[in-house]
Amino acid sequence: MTLVESPAVAVRSPRVEQAWAVLDTVLDPEVPALSVCELGIVREVIEHDDDLEVVLTPTYSGCPATELIEQLVREAVDAAGLGPARTTLRRAPAWTTDWIGEAARRKLREYGIAPPGHLVADGAVPIRLHLHRNAETVACPRCGSADTERLSAFGATACKALYRCIACREPFEHFKPI
């Protein structure tokens, strides 16, 4: 389970700990193999005197699932008796696929979606001026072959691309690194 902790919070209250556990059961509506915590969308849980504030960073600013995710998060916290809950959207820093942990990448692969590669290595900040073709090899999540081809820049959602494995001939989606 990947949890992002606020650097200002050294010790969490039991209520906040319970909220994190509940939020880890809230599945992403577009990628139901992962929770909103595993995707790194939940950034922080803040306990106030009268409510819990759940800070979310959408995967991208135009994500059509953002409102639904906010609703699911509030409902889950309230249903667990930890609310009332409110959500706050934090768009900076922008969400990145580097916030997806290794266990979640394994779950994506098992679900049939090729996980994104890592963008940041050793603290470097990637700069992309123009990408002519795939910078990375996308391995088939079914057979593991690297002999794949991109069929479309967009899959079922804008954050995924459609690929086909040449080895096993199966189509699959690739979660784009952003």
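Is Phe175 buried or exposed? Phe175 is buried, at a relative accessible area of 2%. Buried means under 20% relative accessible area, exposed over 50%, partly exposed in between (1.4 Å probe, protein chains only).

This is a predicted model: local features need pLDDT of at least 70, side-chain atom pairs count only at pLDDT 80 or more, and totals for chains, interfaces and linings use all residues. Residues are numbered from 1 along each chain as its sequence is written, and side-chain values use heavy atoms, without hydrogens and water.

**Cores**

A nonpolar core is a set of buried Ala, Val, Leu, Ile, Met, Phe, Trp, Tyr and Cys residues joined through side-chain atoms within 4.5 Å. The largest one holds 33 residues; Leu23, Val42, Val45 and Phe175 touch the most other members. A second, separate core has seven residues, including Ala114, Cys140, Ala161 and Cys165.

**Aromatic pairs**

Rings of Phe, Tyr and Trp (its six-membered ring) pair if their centres lie within 6.5 Å; planes under 30 degrees apart count as stacked, over 60 as edge-to-face and the rest as tilted. The count is two aromatic pairs.

| Pair | Centre to centre | Angle between planes | Class |
|---|---|---|---|
| Trp95 and Phe175 | 6.2 Å | 50° | tilted |
| Tyr163 and Phe172 | 5.7 Å | 20° | stacked |

Trp95 is in the loop between β3 (85–89) and α3, and Phe175 is in strand β7 (residues 171–175), so their pair ties together parts 80 residues apart in sequence. Strands (E, at least two) and helices (H or I, at least four residues) are DSSP runs, numbered from the N terminus. Trp95 is buried at 5%. Tyr163 is buried at 3%, and Phe172 at 2%.
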